[in-house]
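Open the model in your viewer and keep the selection tool at hand. This tour goes stop by stop.

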Amino acid sequence: MTTGPITVGPLRADSGTRVSGLVPVDVGTTTLQVPVLVVHGSRPGPRVAVTAGIHGAEYVSIAALREVVLALDPATIRGSLVAVLTASPAAFAARSIYVNPLDGLNLNRQFPGDPGGSPTQRLAHWLTTAVIAGADAFVDMHCGDMNEALVSFTGIEDTGNPAVDARSRELAEAYGLRYLLIGPSPGTTTTAAAALGIPAVLAEVGGQGQWPAEDVALHAAGFRRLLRAIGITDDAPAQPAHRTEVLPTEAWMRATTTGYWHPAVAVGDRLTTGTIVGEVQDAFGRILERPAAPMEGVVIFLVSSLAMNEGDPLLALAG
Ligand SMILES: [Zn+2]
């Protein structure tokens with residue numbers, strides 16, 4: 001329960017106010033200007049921290065977070081919200097897939113970060129200490145990257161703390177997406193939150209460099225339901241009719257060759273073990289590999305670009 005001012009860098013939000021601005025974050029080689037918005041309700045309540053744009057080309061999540069928080073009124077909410085509207089500004093500006101162009105690292109593999117490390121490690125440390133720490137719940141909004149199609153899902157950690165895990169599950173179910181993945185994800189925002197004892201939800205809707213209105217609305221509706229579930233707001237869109245299906249096991253398939261990727265499956269397909277998921281060909285059509293599904297499961301995301309590089313993900317299965 002917070003009643004004193006909330007500060008993020010130079011931003012200071014007293015009770016009953018909303019402040020926004022670019023927060024300077026020194027990452028060693030440069031100083032990033034990170035757009036942050038703080039809505040501090042006039043009534044006490046929980047604090048939610050939320051990020052979008054950890055991956056800079058995941059536009060549905062960035063658009064949905066802006067839509068929700070820019071409309072929040074401090075006079076009507078309980079508690080507070082600290083929103084990082086675009087968490088990796090250099091990646092956003094560069095339209096960069098997977099990595100932060102400042103050092104080529106995937107920000108969502110560097111948490112909890114390192115204050116003396118490379119730019120991405122310093123940015124992760126700032127997000128952990130200045131945004132996630134002190135929150136009663138944390139939400140990280142993503143979607144498929146510019147080269148990825150995906151089905152809508154939430155993800156939570158199995159932290160071993162029953163109270164934290166139950167709260168994360170409750171908030172993920174309020175988000176109301178089609179699938180719920182439960183499992184470890186080292187180096188991510190939600191793992192950093194778990195280490196601080198903070199319930200945390202990863203939420204994924206859309207992808208492929210687009211932000212169609214229906215995907216933005218689905219992401220925004222889920223986040224609004226989460227805010228209602230935690231008690232910040234009273235109003236949210238109705239829960240969807242479908243039940244959330246829990247998928248406790250996940251497997252990522254990666255290319256072992258570089259070439260031209262021809263998938264034979266689609267996102268949302270339910271595969272049996274051994275299903276050939278596609279092939280990587282060389283420039284002249286010769287088959288370099290025909291990878292097979294290592295487990296039974298739903299195709300959660302699928303790389304949709306023709307270009308494929310050795311070591312890059314092809315798709316992920318969960319089941
Ligand atoms: Zn992402």
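Start with helices α1 and α6: α1 passes α6 in a right-handed crossing. A crossing is right-handed if the near helix is turned clockwise from the far one by less than a right angle, and left-handed if anticlockwise. Helices here are DSSP runs (H or I, at least four residues), numbered from the N terminus. This is a predicted model, where local features need pLDDT of at least 70, side-chain atom pairs count only at pLDDT 80 or more, and totals for chains, interfaces and linings use all residues. Residues are numbered from 1 along each chain as its sequence is written, and side-chain values use heavy atoms, with hydrogens and water left out.

Select residues 59–69 to see α1. α1 packs against α6 at an angle of about 50°, with the axes 8 Å apart. Axes are lines fitted to C-alpha atoms, for helices over the stretch in contact, and angles run from 0 to 180 degrees between N-to-C directions. The pair is therefore oblique. Angles under 35 degrees count as roughly parallel, over 145 as roughly antiparallel, 65 to 115 as roughly perpendicular, and the rest as oblique.

Now show side chains. The α1 side of the contact (heavy atoms within 4.5 Å) includes Val60, Ala64 and Val68. On α6, look for Val216, Phe223 and Leu227, among others.

Next, select residues 162–175, helix α4, and residues 213–230, helix α6. They pack at an angle of about 135°, with their axes 7 Å apart. That makes α4 oblique to α6. This crossing, too, is right-handed. Arg167, Leu171, Ala174 and Tyr175 of α4 make the contact, with α6 residues including His219, Phe223 and Ile230.

Last, go to the loop between α2 (89–94) and α3 (119–132), where Pro112 lies. The peptide bond from Phe111 to Pro112 is cis, with omega near 10°. Arg95 is in the loop between α2 and α3 as well. Arg95 is not a glycine, yet has a positive phi of about 50°.

Key: Helix = DSSP H or I, 4+ residues; strand = E, 2+ residues; numbered from the N terminus.
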